[in-house]
Amino acid sequence: MRALARRLSQLVAPPGPRHALHEPDLALLLTVLALAAFGLVMVFSASVGSDISYAIRHAIWLTLGAGAAVVTTALDYRVWRRLAVPALLAAVALLLVVLVPGIGDTRLGAQRWIDLGPLSFQPAEVAKLALVLYLASWLASKGDGIRRFGHGVVPFVVLLGALVGLTILQPDLGTSMILVFVGFAMFFAAGAAISHFALLGASGMAAALVLALGASYRRERLLVFLSSDQELFDPNGLFRTLGWQIAQARLAFGGGGWFGVGLGAGRQKFQWLPHAHNDAIFAVIGEELGVVGCAVVLLLFLLFAWRGLSIARRAPDRFGALLAVGITSWIVGQALVNVGGITSTLPFTGIP
């Protein structure tokens, strides 16, 4: 497979000197393998309380992803720069198509999925990758020009605003948060002026507050975030829908203690904790493996962030550095939003 990948790389490699292939970052590779293996075990454990097919599908996609990783490892990363514009155009088109009645599939009140026979996918996931590729290419080409308001901030806001706006229309506030986080991280790493970055940050927070208060279900999430245990566990209270999941997550964390009740021995996943295999997987970890198990997961993501940013710092060109920053901030940022929501450290949003 690596021989085939090398041949593909030779056929599509961009012009210019080819940076020699080198051994992968061992710490990063081991971290990814540890997270993948641990994730598979926990999805299997959480699926016991709902549907074991979730774990089977997870294993299939993990196998396919491993094969794709072998191929892309042997490719010259500069190949992806050629795909930046097509990927962005495809992402925008898919985000528009999913909003068309009869094409986009509505689940749990959100029109986010496109079904293709037995397969279904969310265009917002394509948008995350497209944003990373396009911003890495565009910011690399701008150089110090991004420090000028008209050449840097304005087009950046237009691009990010378009993707975020289409994602919110689904509605999908969680993915919108990830897009903003990744975009800001890459813009900052590219050398944006601090004054411009501060202005964007303040504007983003104001927009997030307006969005949060602009819809009843978003206001409810803020109220759940600020609520006490007594309010959450009131069966006749305001939070008997969304608050139920947070309440059951708190029970799971409380029951796990320092070392947990044992792998597979958790009880909240059995018809009590909604979406235990994805949105609430960290609560299952907390109940079955305790504080220690949760700490191990967070340390693995911290190690992933460290190695990812180290690779960005050592990248041979600006595009490679920004690509590494984008991928790292995407994966780590999504993990932090999920953990923050289910632990009530952040307002809850459905991010797996």
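These exercises with worked solutions explore a predicted model of one protein chain.

**Exercise 1. The overall picture**

Find how many helices and strands the protein chain has, and what share of its residues is buried.

Solution. 
Step 1. Start with the secondary structure. The chain comes to 14 helices and three strands.
Step 2. Turn to burial. The chain has 352 residues, and buried ones make up 42% of them.
Step 3. Look at how contacts span the sequence. Take contacts between residues at least 6 apart in sequence; 67% of these join residues at least 24 apart.

**Exercise 2. Helices H5 and H7**

Decide whether H5 and H7 are roughly parallel or roughly antiparallel, and state which residues meet.

Solution. 
Step 1. Locate the helices. H5 covers residues 84-97 and H7 covers residues 149-168.
Step 2. Read the geometry. The angle between H5 and H7 is about 30 degrees, and their axes are 9 Å apart.
Step 3. Apply the cut-off. Angles under 35 degrees count as roughly parallel. H5 and H7 are therefore roughly parallel to each other.
Step 4. The crossing of H5 and H7 is left-handed.
Step 5. List the contact residues. H5 brings Leu88, Val92, Leu95 and Leu96, which meet Leu159, Leu163, Leu166 and Thr167 of H7.
Step 6. Sort them by type. The contact of H5 with H7 holds seven nonpolar residues, one polar and no charged.

**Exercise 3. Helices H13 and H14**

Repeat the analysis for H13 and H14: at what angle do they pack?

Solution. 
Step 1. Read the geometry. H13 (residues 281-314) packs with H14 at an angle of about 160 degrees, with the axes 10 Å apart.
Step 2. Apply the cut-off. Angles over 145 degrees count as roughly antiparallel. H13 is therefore roughly antiparallel to H14.
Step 3. The crossing of H13 and H14 is left-handed.
Step 4. Find the contact residues. On the H13 side they include Phe282, Phe301, Phe304 and Ile311. On the H14 side they include Ala321, Thr328, Ile331 and Ile342.
Step 5. Sort them by type. The contact of H13 with H14 has 17 nonpolar residues, three polar and no charged.

**Exercise 4. Thr328 up close**

Determine whether Thr328 is buried or exposed, and name its contacts.

Solution. 
Step 1. Thr328 lies in helix H14.
Step 2. Check the accessibility. Buried means under 20% relative accessible area. Thr328 has 6%, so Thr328 is buried.
Step 3. List the contacts, leaving aside neighbours within four places in sequence. Thr328 touches Phe304, Ala305, Gly308, Leu309 and Gly333.

**Exercise 5. The nonpolar cores**

Identify which residues touch the most other members in the largest nonpolar core, and which helix supplies the largest share of it.

Solution. 
Step 1. Start with the members. The largest core has 42 residues, and Leu131, Leu135, Leu139, Phe156, Met186 and Phe187 touch the most other members.
Step 2. Trace the helices. At least two residues of this core come from each of H5, H6 (123-142), H7, H8 (173-189) and H14 (318-342).
Step 3. Find the main supplier. H6 gives the largest share, 10 residues.
Step 4. Zoom in on Phe187. Beyond neighbours within four places in sequence, Phe187 is in contact with Leu139, Ile146, Gly152, Val153, Phe156, Ala192, Phe197 and Leu200.
Step 5. Note the other core. A second, separate core has 19 residues, including Met42, Ala46, Phe282 and Ala283.

**Exercise 6. Asp105 and Arg250**

Classify Asp105 and Arg250 by accessibility.

Solution. 
Step 1. Asp105 is in strand S1 (residues 104-107), while Arg250 is in helix H12 (residues 242-256).
Step 2. Classify Asp105. Its relative accessibility is 24%, so Asp105 counts as partly exposed.
Step 3. Classify Arg250. Its relative accessibility is 22%, so Arg250 counts as partly exposed.
Step 4. Compare sequence with space. Arg250 and Ile342 are 92 residues apart in sequence, yet 8.3 Å apart C-alpha to C-alpha.

**Exercise 7. Backbone exceptions**

Solution. 
Step 1. Recall the rule. Most residues other than glycine have a negative phi, and most peptide bonds are trans.
Step 2. Check the bond. Pro171 sits in the loop between H7 and H8.
Step 3. Ser344 lies in the segment after H14.

Conventions:
Residues numbered from 1 in each chain as written. Predicted model: local features only at pLDDT ≥ 70, side-chain atom pairs only at ≥ 80, totals over all residues. Heavy atoms only, no water. Axes fitted to C-alpha atoms, helices over the stretch in contact; angles between N-to-C directions. Helix = DSSP H or I, 4+ residues; strand = E, 2+ residues; numbered from the N terminus. Parallel < 35°, antiparallel > 145°, perpendicular 65-115°, else oblique. Left-handed = near helix turned anticlockwise from the far one by under 90°. Contact = heavy atoms within 4.5 Å. Nonpolar A, V, L, I, M, F, W, Y, C, P; charged D, E, K, R; others polar. Core = buried A, V, L, I, M, F, W, Y, C linked by side-chain atoms within 4.5 Å. Buried < 20%, exposed > 50% of the residue type's maximum accessible area, 1.4 Å probe, protein only.
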